[in-house]
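Me: Can you walk me through this one? I'd like to go through it piece by piece.

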Amino acid sequence: MTEITGGELFARALQAEGIELLFGLPSPEADPLLAQLEAHGIRLVPVRHEAAAVHMAEGLYKTSGKVAAVLGNPGPGSANLLPGVVTALHEGVPVLVITSQHRLGIVYPCPPSTFQGQDQLDLFRPAVKWGGPVFEWSRIPEVLRLAFREMWNGRPGPVHVELPAPILYATGDDETAPVIPPVAYRGTGPQASDAQLAEAAELLACAQRPVVISGTGVDRAGANDALLEIVELLGCPVLTTMAGRPTVPSDHPNYVFGFGLAGDEARSEADVLLVAGSRMGNLDLPYDGYWGDPAGKRLIQIDIDPRHLGVTRPLSLAILADARIALEGIATRLRSMDLPPRNRDDLARYRALDEEVRTAQATPILQWQGPGIHPVHAIGTIGAVFGPESIYTVDGGNTALWAYSALPPTRPRSYHSILELGMLGTGIPSAIGAKLGAPDREVVCITGDGAAGFNVMEMQSAARENLAITTIVFAEGSWTMEEPNELALYGKTFGTAQGEVRWDLVAQGLGCHGQYVERIEDLEPALRSAQQHDGPSLVCVRTDRSANLAVPEDMLARFFAVYSGPAPAGPPAPAGPGGRSPASTSE
Ligand SMILES: Cc1ncc(C[n+]2csc(CCOP(=O)(O)OP(=O)(O)O)c2C)c(N)n1
Ligand SMILES: [Mg+2]
């Protein structure tokens, strides 16, 4: 028998779950836990804002698949976690959210006299998959098991444990509260039946025009190789969902860009579609105008969560399964069928159309001449310096759209966007989490200047932790993405001008290497110097305001269609950006 504190017991349970990082701020209510972290192989990474703590956990998970814990003090620190937690819920990011609490007698229920009194269970309920309190010392391991079981049930996401100080300070006999490893209480994800895999393989093998669509779940499941093997065996086009950009490198010979005419044509002409790891949510424009008439088509969907199946498009075959295991099963069956090589005319036609549209869009951009810097020219230079092997976190409005189309193809788990919730401010902390998850790789954050402002203070966290990330702020001085609607409807902008900020000087004040670039020819040397700096760097690029605004019409129209929904059959929508109703647009 050994008498240990609740803090030590909690740390043991975290260690058993493989937690290596805890992002958050110290407070007396959590000290018995914090005092035990190091002894249990867990690194405490303090932050400048608790929401950023959750975004760091997001970057860590998206890069490495590792789960972190985050911590807030009773009241304000826990409340500050919330934007990050909501983002994690939308992004499908598993994270253990720990909120400290005062002695329970003054909180549940909470009289008006209570300092920092807040019913945090109630506050967090809609933002997490599951939440529960630890009200007894001996139940610490069990409550954490409850939390982790729910974290991995269906689509992963945040779970919440409310941890009152007296429980952590209390001591008890460790033999009365054994900690057991995950394999002793959790199963692995759902698996497809043989019959389902055989049916999927049969449908795909017999299709005239099969198309494979890859969503973020493919990255999360590590199913990238299996997915590409299916594509190669079928000789068919592969598209990604909007958020699934990193799941398939865009230089793959079967790749077709999903958000242009070629992607629309491929989806519409397909007789069998295989969608893996995607909810086919609104971002993917799951409307007949972009996907074709569902009649005469067979749609196979593979997803880890039953709540994602057939939500926006009717299915012929719904497979509830871990994407990697299911895709490997389909690949094995297709391999054994010895399929004849497919005529590649359709694929060549889609790719030629893709090329034509992209060239038409790119030509005016490439020919664009100063006085300032065009965001695409800057992204071209960033891509050339950091290349396809780096990890990119992309944040902002139009800046993010430019980066999406102009960055090089990336490796799996190596392009982190804010596409599921659209939470600005995730880029910098997510880059920090990514660097902690992959210390040997280069990590680059490309961010709009609006987005940068939310969490730029975390550059100091990077400096303190000596994390060599490079943040590049596109500083045209505007919340540009909000301008087209204002201009289209009112002929002027309001509330979008930010004023001029020298982000490089801010970074220097935070202990980082900071550089300022006004001419495109100075960007490459600045990036190389950032790359060589042993610590975090920030490059402030004075991009051109009108160039940043001039996103190609088709790209903008698609983005607005996300909000306005399927084009109504009948009279045309009121004039607005992309010809769609702008009234319903609000990111
Ligand atoms: C936290 C948050 N607040 C507001 C918005 C709405 N919004 C979406 S894009 C955008 C403008 C972003 O500006 P910036 O980061 O500078 O990128 P730019 O469009 O200028 O390239 C805003 C305000 C949001 N998505 N997230
Ligand atoms: Mg901006």
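**Working through the model**

Me: Before anything else, what kind of model is it?
Reply: A predicted model.

Me: OK. What domains does the assignment give?
Reply: The domain assignment lists domain 1 (3-184), domain 2 (194-345) and domain 3 (368-584).

Me: How many residues of domain 1 are in contact with domain 3?
Reply: 22 residues of domain 1 contact 23 residues of domain 3. On the domain 1 side, the elements giving two or more residues are helix H3 (50-64) and helix H4 (76-91). H3 gives the most, with 10 residues. By class, that side of domain 1 has 10 nonpolar, seven polar and five charged residues.

Me: And what separates the centres of those two domains?
Reply: 32 Å, taken over C-alpha atoms, between domain 1 and domain 3.

Me: Switching to the ligand. Which residues come nearest to ligand 1?
Reply: Gly-396, Gly-397, Gly-448, Gly-450 and Thr-480, out of 19 residues around ligand 1. The elements that give two or more residues to the shell are H16 and helix H18 (449-455).

Me: Which element has the largest share of that shell?
Reply: H18, with three residues.

Me: How does the shell around ligand 1 divide by class?
Reply: Five residues are nonpolar, 11 are polar and three are charged.

Me: Now helix packing. At what angle do H11 and H14 pack?
Reply: About 155°, for helix H11 (residues 261-269) against helix H14 (residues 345-367). Their axes are 8 Å apart.

Me: Parallel or antiparallel?
Reply: Angles over 145 degrees count as roughly antiparallel, so H11 and H14 are roughly antiparallel to each other.

Me: Which residues meet there?
Reply: H11 brings Leu-261, Ala-262, Glu-265 and Ala-266. H14 brings Tyr-350, Leu-353, Asp-354 and Val-357. By class, the contact of H11 with H14 has six nonpolar residues, two charged and no polar ones.

Me: Backbone next. Where is there a cis peptide bond?
Reply: From Tyr-108 to Pro-109, with omega near -5°. Pro-109 sits in the loop between strand S5 (95-101) and helix H5 (120-124).

Me: Why point that out?
Reply: Because most peptide bonds are trans, and most residues other than glycine have a negative phi.

Me: Then which residue other than glycine has a positive phi?
Reply: Asp-338 is one of them, with phi near 50°. Asp-338 lies in the loop between helix H13 (323-337) and H14.

Me: Is Asp-338 buried or exposed?
Reply: Exposed. Asp-338 has 7 other C-beta atoms within 10 Å, and the cut-off for exposed is 12 or fewer.

Me: What about phi at Arg-413?
Reply: Positive as well, about 60°, and Arg-413 is not a glycine. Arg-413 lies in the loop between helix H16 (398-406) and strand S15 (415-416).

Me: And is Arg-413 buried or exposed?
Reply: Arg-413 counts as buried, because it has 22 C-beta neighbours inside 10 Å.

Me: On to some prolines. Where does Pro-158 lie?
Reply: In strand S7 (residues 158-164). Pro-158 counts as buried, with 31 C-beta neighbours inside 10 Å.

Me: What is Pro-158 in contact with, leaving aside its neighbours within four places in sequence?
Reply: Val-85, Ala-88, Leu-89, Val-93, Val-95, Val-97, Val-128 and Lys-129. As for Gly-92, it is 66 residues away along the chain, and the two C-alpha atoms are separated by 7.9 Å.

Me: And where is the place of Pro-306?
Reply: In the loop between strand S12 (298-303) and strand S13 (317-320). Pro-306 is exposed, with 12 other C-beta atoms within 10 Å.

Me: Which residues is Pro-306 in contact with, again leaving aside neighbours within four places in sequence?
Reply: Gly-154 and Leu-320. From Pro-306 to Ile-319 is 13 residues in sequence and 8.7 Å in space, C-alpha to C-alpha.

Me: Last one. Where is the place of Gln-369?
Reply: In the loop between H14 and helix H15 (375-386). Gln-369 counts as exposed, with 6 C-beta neighbours inside 10 Å.

Definitions and conventions: Residues numbered from 1 in each chain as written. Chains lettered and ligands numbered in written order. Predicted model: local features only at pLDDT ≥ 70, side-chain atom pairs only at ≥ 80, totals over all residues. Axes fitted to C-alpha atoms, helices over the stretch in contact; angles between N-to-C directions. Helix = DSSP H or I, 4+ residues; strand = E, 2+ residues; numbered from the N terminus. Parallel < 35°, antiparallel > 145°, perpendicular 65-115°, else oblique. Contact = placed C-beta atoms within 7 Å. Nonpolar A, V, L, I, M, F, W, Y, C, P; charged D, E, K, R; others polar. Buried ≥ 20, exposed ≤ 12 C-beta atoms within 10 Å, placed from the backbone. Near = placed C-beta within 6 Å. Domains from an automatic or database assignment.
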